[in-house]
Amino acid sequence: MFLKRLLCLLLCVFLVSPVCAAEQTKYVALTFDDGPSGRFTRALLDGLKDRGAKATFLLCGYRLKDYPREAKRICAEGHEIGLHGYSHGCMAKMCQEELEREIADTLALLPEGCRPAFLRPPGGKYSKEVLDAAEQADLGVLGWSVDPRDWATHDASGIRRQVLEQVRSGDVILLHDMSDSSVEAALAIVDALKLQGYEFVTVTELARLTGQAIEPGKVYMRFS
Ligand SMILES: [Zn+2]
């Protein structure tokens, strides 16, 4: 009787475990705005590589001019590149012609073979003209669902705590590879969330995993 119960229990564990493991996998996208930025971007890429984590970098044209090697490395290491405007000026205040130029001039500086899927307007501010320009350029418009305001606080443990308190599977986390505190917080977030069963994927991969098509000119805040 005891043996029969034991066998039954073991059978249940074997049958149920793989299902639970699959259900427990949670996905999240780390996104970094305003770069590339030299040593901060390089330290972040080193840390992400050590941890097997992928991220999405929303790059500015005026910085791509100064840091083409970092942009190339982002691409070569399997991360995603998106656009964050050329000048980092407020896109919501720009006319159609200015918007088209911001997008075209940034696209021209991207590493060879890099085809972005998203535009994230600076500050997340957009107008109908921004959505139209994104649609014309075949780009989705990317917002975010978790914002620890890393650029303002420069407090690595506070940034980490805020993200851990808010995050859910499918979230898009907004950070900036522009300071030591942001890089430190980002890597601590990866370490902590990996222990909770999260995987770090690019935004395009997050969309794919959640069965959402990326439509040009449409705004995405998170993927569920
Ligand atoms: Zn920005």
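1. Let's begin with the fold: the chain contains ten helices and eight strands. Please keep in mind that this is a predicted model.

2. The chain has 224 residues, and 45% of them count as buried. Of the contacts between residues at least 6 apart in sequence, 75% join residues at least 24 apart.

3. Now to the zinc ion. Its protein donors are D34 through OD, and H84 and H88 through NE2, lying 2.1 Å from the ion. Along the sequence, these donor residues follow the spacing D-x49-H-x3-H. D34 sits in the loop between strand 1 (26-33) and helix 2 (39-51), while H88 sits in the loop between strand 3 (80-83) and helix 5 (96-107), so the pair ties together parts that are 54 residues apart in sequence.

4. H88, with a relative accessible area of 32%, is partly exposed.

5. Helix 9 is worth a look too. Its 16 residues, 180-195, reach 23 Å from the first C-alpha to the last, close to the expected 22 Å. Its buried residues include V183, L187, I189, V190 and L193. The buried residues of helix 9 pack against strand 1, helix 2, helix 7 (150-153), helix 8 (156-166), strand 6 (172-176) and strand 7 (198-200). Just after helix 9, G197 adopts a positive phi of about 90 degrees.

Conventions
Residues are numbered from 1 along each chain as its sequence is written. This is a predicted model: local features need pLDDT of at least 70, side-chain atom pairs count only at pLDDT 80 or more; totals for chains, interfaces and linings use all residues. Side-chain values use heavy atoms; hydrogens and water are left out. Donors are N, O and S atoms within 2.8 Å of the metal (3.2 Å for Na, K and Ca); water is not among the atoms, so sites may look incomplete. Helices (H or I, at least four residues) and strands (E, at least two) are DSSP runs, numbered from the N terminus. Buried means under 20% relative accessible area, exposed over 50%, partly exposed in between (1.4 Å probe, protein chains only). The expected span of a helix is 1.5 Å times one less than its number of residues. Contact means heavy atoms within 4.5 Å.
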